[in-house]
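Please consult the sequence and the structure while reading.

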Amino acid sequence: MGHTAQGIHVVAKPTGPVCNLACEYCFYLEKKSLFGPGEPYRMSDEVLRAFIANYIASQPTPVVEFVWQGGEPTLLGVDFFKKVIAYQRPLAGAKTIQNVLQTNGTLLTDAWCLFLKKHNFMVGISLDGPQAIHDRYRRDRKGGGSFERVMRGLKLLQKHQVAYNVLASVAHDTAQHPLDVYRFFKSQEVEFIQFAPIVERLPDDPSGTNHGLRLAGPASLDRKEDQIRVTPWTVGSEAYGDFLIAVYEEWVRHDVGKVFVMNFEWALNAWIGNPSPVCTHAEQCGRSLVVEHNGDVYACDHCVYPEYRLGNILTEALPLLAERSRQSGFGLSKQSALPRWCRECDALAACRGGCPKHRFRTTCCDEPGLQYLCEGYKKFFLHIRKYLRAMTQLLENGLPAAHIMEAVKGPLIIKTNR
């Protein structure tokens, strides 16, 4: 769900960090520590009205995309989103309003899906793969798996023909089963997929009692790996690259034009020379803001910390808040702080150094700011260059990219270094 071109993209968190699940790798539920006791964790009508009016007025583009995330936004019930539609309609003017709902899918019902279909919501549903893989990390507060409930929600979306895509998180164990995951999605007739890597660094622990995993990676890149630890569920850098390569090799033989993997679309987009539609692989960031349930605005979805608070939607306009983020150097530093290792990399045009939150490694020259997923991204982007080159030539000649499947022959052989 990339940001709107030349505009400001805002992710709304109407329930704040509240969810009915307790996924092992979730980084957001801990944000409750930012709020006081007795917090209702529900966006008030006052904040909702102010956000909708402010966002529509400040967006210079003809399409205004509202993204509703959490926590779990469906906890608010259908009536909350009926108010969303009611508040948006008289303010739209000549602009087209689009709504995106990111959900774990467990609370979807026929009534929910009828509403979502009627108002043309795009739904992102979180599903990591077949049951054993999904339930490895995505469990409820009692430790039970959520797979069956999520699948019920997916089937309801399909039954009511609600537009949807699948957001699949690739964590440490998930990365070992790329084709099981991909083939499962195909068996469920999922056509749009995004594979999101799970990366979370543990705080430095001088006592040595931290029980996370040591950072994996060749010493030629990181000579301080013993000082940096990541959570046990963090995907290995090369493992993530191998995961994407395995899926790509199957996709490029059988599914081009039929299944749309966003990671592959982004890579082709970069190869053609277009700006990235997602902040992770954009040259700069800082125009993708987050508004919390209480109206507080932060510089980034991954940076909901006090030092990144920009202001409140009730008192300040979004363009001013975005400009405050830019002036602080938050977005510009993504490009200016790239280590020389990245600036000279053959994969720079596609990678752009990744997400700044994941730049916690040092290069062989002791330069800080190396992306944790460096090896994985580089391996993937360089591996698929031959396919991207061929697809670009097809498109330039007015032919569909799917024609590449006719050119890719031979058995599927995937080499990894794991």
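Q: Among contacts in the protein chain between residues at least 6 apart in sequence, what percentage joins residues at least 24 apart?
A: The share is 73%, where a contact means heavy atoms within 4.5 Å. The model is predicted, so local features need pLDDT of at least 70 and side-chain atom pairs pLDDT 80 or more, while totals for chains, interfaces and linings use all residues. Residues are numbered from 1 along each chain as its sequence is written, and side-chain values use heavy atoms, with hydrogens and water left out.

Q: Why is the protein chain called as compact as a globular protein of its length?
A: The secondary structure comes to 15 helices and 14 strands, counted as DSSP runs (helices H or I, at least four residues; strands E, at least two) numbered from the N terminus. The radius of gyration is 21 Å, close to the 22 Å that the globule rule gives for 418 residues, so the chain is as compact as a globular protein of that length. The radius is taken over C-alpha atoms, and the rule is 2.2 Å times the number of residues to the power 0.38. Along its principal axes, the C-alpha trace spans about 55 × 50 × 45 Å.

Q: How do you know whether Cys-19 is buried or exposed?
A: Buried means under 20% relative accessible area, exposed over 50%, and partly exposed in between (1.4 Å probe, protein chains only). The relative accessible area of Cys-19 is 15%, so Cys-19 is buried. Cys-19 is found in the loop between strand S1 (9-12) and helix H1 (45-58). Not counting residues up to four places away in sequence, Cys-19 touches Leu-29, Gly-71, Glu-72, Leu-75, Asn-104 and Arg-141.

Q: How many disulfides does the rule give?
A: The count comes to zero, a disulfide being a pair of cysteine sulfur atoms within 2.5 Å. The sulfur of Cys-300 is 4.4 Å from the closest cysteine sulfur, in Cys-303, and is therefore too far for a bond. For Cys-342, the closest cysteine sulfur is that of Cys-374, at 5.9 Å, again too far for a bond. Cys-300 counts as buried at 14% relative accessibility, and Cys-342 counts as buried at 9%.

Q: Which residues of helix H8 (residues 262-272) are buried, and what covers them?
A: The buried residues are Asn-263, Phe-264, Trp-266, Ala-267, Leu-268, Asn-269 and Ala-270. Their cover includes strand S6 (192-197), helix H7 (237-254), strand S9 (260-261), helix H12 (348-351), helix H13 (374-383) and helix H14 (385-396). After H8 comes Gly-273, whose phi is positive, near 105 degrees.

Q: Why is Glu-189 called exposed, and why is Asp-366 called partly exposed?
A: Glu-189 has a relative accessible area of 63% and is therefore exposed, whereas Asp-366, at 38%, is partly exposed. Glu-189 lies in the loop between helix H6 (178-187) and S6, and Asp-366 in the loop between strand S13 (361-362) and strand S14 (368-370).
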